[in-house]
Every structure is written in structure tokens, then in C-alpha cells.
Amino acid sequence: MAKILLTPTFLVLSILLIFITFSQATPPTFDWVQQEYLKAHNDLRSSVGVPPLEWDEKLAAYAYDWAVQRKEDCNYRQHSTGPYGENIFWQLYAETPATGIVKKWFDEKKKFDEVNNVCKCKPEKEGCECGHYLNIVWKTTTKVGCSGNVYCKNQKGAYVVCSYDPIGNYKGLNPLNPGNNSTSS
């Protein structure tokens, strides 16, 4: 039987291989951070009288995959154009918790004209938009999945994506009752 020599080089290479294996990007599991995203969404949906969302692993994996694809440029203005509703958040450092991110999106409510079901910002632009709010509160949306923080290359920041299904956010429709084109009050 041959003896395996545990040389320093062998040990270093083994540790490096283990590190690389476990540090590879993997979609998020439904851990406490993901639970925080779901709770934040549902607390805010409840405040406007729409039913809670369910967590969906497929949506979380989709959101995560898109965030990983954006790691090079960290362009939060570039959406996936996939089959789901989508909110994207970027920050230089990962200082904003999940609840704060979802609340920032929800705060766009101030810019939404609930009488005419349109965004007051014309045209919508960075700092004056409503789509994130609408994705959160769209009544017929039933599922959400979020990427959690994905760190961009070259210290360009942290990127978060949440995906929504079924897609909503149709212009001119009442988000709290999309089947009824009248006011939301």
C-alpha cells in the first residue's frame, strides 16, 4: 500500500480545491434572508389590501441567474426581458437589508396616480418611477423569488433581483384590481 505524503503543496492545493468548489455561485435557498424578502413583500401587500405572495424556488433561481449574468457590468437598468415581472436593486455596498430594499421599491407609491392608474413621472426615469411598486402590489401576482445579494466584479457593488409570477404591471390598469379599470379607491 502506498503512503500519501501530505506535503505542504498538496495541502494547499486541496484546501484551494475545496474553497473553489464551495464558493461557486449557487441559487439561494429559502434561508432567513429569503424569508425576510418574502415577509417584507407580504407586509407591504397587506397594507394595500392584496393577498400574500408565496416563495418560489424557480423564481429565486431565475432572479439569481440574471443577477449573476450582470456581475461584469452591474447594470441595474438592464432587465432580463424574461417571462416574469422583475425588480432590480443596486447598491455600492450591501448595507441595505432585504426589508429596506423592498420598502424602497414600495415607496414609489408616492409617484403613482391611483385615480388614473398611471405613474406621475413623465417620462419615468431613474429616481422617478413606479414599476417596482406595481410589481410588489399587483393583485394577481401570486409568487416571488429573489436573488439575494450578488456581488459585482471589481467592487462595482451588490445587485439584487426579485422575480414575480404571474407578470403584472400593465400600464393603465388598477394594480389592486387589474380586472377592473376603474379607480383603486
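# Briefing on a predicted single-chain model

Tyr133 is found in helix H5. The model that holds this residue is predicted, and its chain has five helices and seven strands.

- Tyr133 counts as buried because its relative accessibility is 1%, where the cut-off for burial is under 20%.
- Setting aside neighbours within four places in sequence, Tyr133 is in contact with Val48, Trp105, Phe106, Glu108, Lys109, Phe112 and Glu114.
- Between Tyr133 and Leu44 the C-alpha to C-alpha distance is 9.8 Å, although 89 residues separate the two in sequence.

**Overall fold**

- Read from the N terminus, the order of elements is α-α-β-α-β-α-β-β-α-β-β-β.
- The chain comprises 185 residues, of which 41% are buried.
- Of the contacts with a separation of 6 or more, 68% are between residues 24 or more positions apart.

**Helix H2**

- Helix H2 covers residues 32–47, which amounts to 16 residues.
- From its first C-alpha to its last, H2 reaches 22 Å, close to the 22 Å expected at 1.5 Å a residue.
- At the start of the helix, a side-chain oxygen of Asp31 comes to within 3.1 Å of the backbone nitrogen of Val33.
- Gly49, with a positive phi near 80°, follows H2.
- The buried residues of H2 are Gln34, Glu36, Tyr37, Leu38, Ala40, His41, Asn42, Leu44 and Arg45.

**The largest pocket**

- The largest pocket contains about 830 Å³ of space.
- Its lining consists of 42 residues, and those closest to the centre of the pocket are Glu108, Glu129, Cys130, Gly131 and His132.
- By residue class, the lining divides into 16 nonpolar, 14 polar and twelve charged residues.
- At least two lining residues come from each of strand S2 (85–91), H4, strand S4 (118–119) and H5.
- S2 supplies the largest share of the lining, with six residues.

**Asn87 in strand S2**

- Asn87 is found in strand S2.
- With a relative accessible area of 0%, Asn87 is buried.
- The side chain of Asn87 makes a polar contact of 2.8 Å with the side chain of Asn135.
- A polar atom of the Asn87 side chain also lies 3.2 Å from the backbone oxygen of His132.
- Apart from neighbours within four places in sequence, the contacts of Asn87 are with Trp105, Gly131, His132, Asn135, Ile136, Val160, Val161, Cys162 and Tyr164.

**Cys121 in the loop between S4 and H5**

- Cys121 is found in the loop that runs between S4 and H5.
- Because its relative accessibility is 7%, and burial requires a value under 20%, Cys121 counts as buried.
- Leaving aside neighbours within four places in sequence, Cys121 is in contact with Lys111, Cys128 and Glu129.
- Lys111 and Cys121 are ten residues apart along the chain, and their C-alpha atoms are separated by 6.8 Å.

**Backbone geometry**

- Thr81 is not a glycine, yet its phi is positive, at about 55°.
- Thr81 is found in the loop between helix H3 (57–69) and S2.
- Thr81 counts as exposed because its relative accessibility is 74%, and the threshold for exposure is over 50%.
- Asn117, likewise not a glycine, has a positive phi of about 55°.
- Asn117 is found in the loop between strand S3 (112–113) and S4.
- At 3% relative accessibility, Asn117 counts as buried.
- A cis peptide bond, with omega of about -10°, joins Asp165 and Pro166.
- Pro166 has its place in the segment after S7.

Terms used. Residues are numbered from 1 along each chain as its sequence is written. This is a predicted model: local features need pLDDT of at least 70, side-chain atom pairs count only at pLDDT 80 or more; totals for chains, interfaces and linings use all residues. Side-chain values use heavy atoms; hydrogens and water are left out. Helices (H or I, at least four residues) and strands (E, at least two) are DSSP runs, numbered from the N terminus. The expected span of a helix is 1.5 Å times one less than its number of residues. Buried means under 20% relative accessible area, exposed over 50%, partly exposed in between (1.4 Å probe, protein chains only). A polar contact is a pair of N or O atoms within 3.5 Å; within protein, one must be able to donate a hydrogen and the other to accept it, and residues adjacent in sequence count only if both atoms are side-chain atoms. On a 1 Å grid over the protein atoms alone, a cavity is a set of points where a 1.4 Å probe fits but cannot get out, and a pocket is an open set with protein on both sides within 12 Å along at least five of seven lines; lining residues have an atom within 4 Å of a point. Grid points are joined across faces, edges and corners, and a volume is the space filled by probe spheres set on the points. Ala, Val, Leu, Ile, Met, Phe, Trp, Tyr, Cys and Pro count as nonpolar, Asp, Glu, Lys and Arg as charged, and the others, Gly among them, as polar. Contact means heavy atoms within 4.5 Å.
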